[in-house]
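Good morning, and thank you for joining this group meeting. May I ask you to turn to the screen while I take you through today's model.

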Amino acid sequence: MNRDPHLPLTETVYYILLALIDPAHGYVIMSRVEEMSGGQVRLAPGTLYGALDTLVKQEMIARVPSDDPRRKVYQITDSGAQVLDEDTRRMVHMIDLFNIHHGGEIR
Amino acid sequence: MRKIKLFLNFDKEEAWLNRMAADGHLLSAAGYSLYTFTETGSGATVRVDYQPSMSEEDYADYVTLFADSGWQHLCGSRKGGAQYFASFLAGPDADIFSDSSSRSSRYKRSIAGLSTLGLIALIFCAMLIPHGNLFSPHDWYRTPGLWDKHGLDFLGSFLFETPLMVLGVGAQLFLVVTAAFCILGVVYQWNLSRKAAPIF
């Protein structure tokens with residue numbers, strides 16, 4: 001089976017897709033990503049805005065209706081969820097390989 | 001305070017706006033290389049983005065996302081162009097981009113804008129210049145026998161036609177300069193975008 005052309009996802013995109021399993025607008029995405037990454041990934045607004053734009057064009061996320069006219073709300077699409085699964089499998093495979101070679105020990 | 005300056009390099013533009021802000025002059029309006037500043041006591045970090053024309057809904061969402069994360073929109077047009085933001089709390093290192101590829105895509109959007117303008121200017125050049133008189137200065141004045149006239153007769157005709165000549169030749173010159181500026185700007189920003197996002 002051919003690999004999805006969007007793989008591997010960047011760290012930024014992986015976190016955004018993960019944050020959008022439940023609907024959220026821009027600032028909520030930023031907060032969720034910062035929290036999930038333990039403060040390691042802090043998205044600046046210009047970067048997030050561009051990433052959301054690209055992900056909508058790639059149909060990995062889509063807008064969902066919201067009451068707030070000033071904040072667009074997005075959610076992951078079925079194809080986005082598939083890409084997220086596939087990338088996770090890719091990383092789990094690499095971690096399995098690492099464990100085989102290092103006996104599960106991270107030095 | 002007003003200043004006239006022309007920037008194609010967003011990093012240099014930001015550096016200049018931040019020096020102005022450090023001296024107490026915060027940007028309040030910008031467009032067509034005219035910058036207007038208001039006096040401010042509080043320190044600010046100014047950053048520049050570039051966006052194409054947006055719908056009202058898209059623009060509200062864009063500005064609100066920045067506002068939610070502590071960046072106040074200073075100025076910029078919904079119809080496209082540079083967008084200026086200030087942060088009053090974060091330090092001088094605060095940025096509106098958190099990775100180099102999104103920093104560089106700011107130049108890609110600006111290149112798209114410059115190319116469109118350049119293409120329009122080139123099309124008008126191609127339509128008007130072959131029928132125009134820009135490159136034959138002896139045809140700039142079109143009054144028959146103007147140069148054979150003498151005295152007041154000459155001066156009257158000459159002065160009468162001069163504003164028309166300036167408008168006609170100036171319009172052609174403006175088109176040529178605009179097209180050349182856009183082409184050079186695209187090449188310059190293309191190099192900047194490659195420097196901003198090295199592949200490795």
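Predicted model: local features only at pLDDT ≥ 70, side-chain atom pairs only at ≥ 80, totals over all residues.

Of the 107 residues that make up chain A, 37% count as buried, where buried means under 20% relative accessible area with a 1.4 Å probe and protein chains only. Residues are numbered from 1 along each chain as its sequence is written, chains are lettered from A and ligands numbered from 1 in the order in which they are written, and side-chain values use heavy atoms, with hydrogens and water left out.

Let me stay with chain A. Along the principal axes, the C-alpha atoms of chain A fill a box of roughly 55 × 35 × 20 Å. Taking contact as heavy atoms within 4.5 Å, 50% of the contacts in chain A between residues at least 6 apart in sequence join residues at least 24 apart.

I turn now to chain B. Helix α3 of chain B, residues 100-128, has 29 residues. Buried residues of α3(B) include Tyr107(B), Ile111(B), Leu114(B) and Cys125(B). What covers them? The cover of the buried residues of α3(B) includes α3 (45-57) of chain A, and, from chain B, α1, β4 (45-51) and α4 (151-196).

Helix α1 of chain B, residues 10-22, holds Ala21(B). Ala21(B) counts as buried because its relative accessibility is 4%. Beyond its neighbours within four places in sequence, Ala21(B) is in contact with Ala44(B) and Val46(B).

Finally, the interface. Chain B and chain A each bring 19 residues to the contact. About 1,600 Å² is buried between the two chains, that is, accessible area (1.4 Å probe) lost on being put together, summed over both. Asp61(B), Leu65(B) and Asp68(B) supply 35% of the area that chain B buries against chain A, more than any other three residues. Carbon and sulfur atoms give 55% of the area buried between the chains.

Terms used. Buried < 20%, exposed > 50% of the residue type's maximum accessible area, 1.4 Å probe, protein only. Helix = DSSP H or I, 4+ residues; strand = E, 2+ residues; numbered from the N terminus. Expected span 1.5 Å × (residues − 1).
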